[in-house]
Structures are given as structure tokens and as C-alpha cells.
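Subject: Structure handover

Hello,

Please find the structure below, followed by notes on what was found in it.

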Amino acid sequence: MQMTPEQLVEEYRDTVLELHLTRRRMAALEAENASLRAQLAPAEENPGHAHQHQEPTGSPGPVAEQPAE
């Protein structure tokens, strides 16, 4: 299939725009990745406290109040 010069120009513009948007998305993802790595860095320095403090496994947790009858 042959394209007219106008179609080729339009295809080129679409490709350039797609590349631009892809680069913006990539930059945003790299920034998010750097932020997440920065948040994890303190956890990696102190692996004994890398988890959030939660109830131990198997613990029933807080007991819900039962409605009065």
C-alpha cells in the first residue's frame, strides 16, 4: 500500500507525538521509581524493622462490640 505525501506526514507527526508522550510517561515512571527506592532505602538499612508493626499472625485482632439485645 502506498501512502500519499500528506499521509506520510500525518503518520510521521503521529509517531513523533507518540514518542513524546512515551518519553514523558517514562520520565514520570523513573521519578516514581526513584521515590519508591528512596522510601525503601531506610528499610533496607534496618532489615529487622522493614515491616510495619501489626498483630502477629493468628491473632484475632480487635474484638467487635456485639449489639445489645
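Does Met3 count as buried, partly exposed or exposed, and what is its relative accessibility? Met3 counts as partly exposed, because its relative accessibility is 34%; buried means under 20% relative accessible area, exposed over 50%, and partly exposed in between (1.4 Å probe, protein chains only).

Before going on, note that this is a predicted model, where local features need pLDDT of at least 70 and side-chain atom pairs count only at pLDDT 80 or more, while totals for chains, interfaces and linings use all residues. Residues are numbered from 1 along each chain as its sequence is written, and side-chain values use heavy atoms, leaving out hydrogens and water.

Of its 69 residues, 0% count as buried.

Helix H1 covers residues 5-45. Its 41 residues reach 59 Å from first C-alpha to last, close to the 60 Å expected (1.5 Å times one less than the number of residues). At Gln39, shortly before the proline Pro42, H1 has a kink of about 25°, taken as the angle between axes fitted to the seven residues ending there and the seven starting there.

Met3 lies in the segment before H1. Leaving aside residues up to four places away in sequence, Met3 touches Leu8 and Glu11, where contact means heavy atoms within 4.5 Å. Leu8 lies in H1 and is partly exposed, with a relative accessible area of 48%.

Regards

Definitions and conventions: Helix = DSSP H or I, 4+ residues; strand = E, 2+ residues; numbered from the N terminus.
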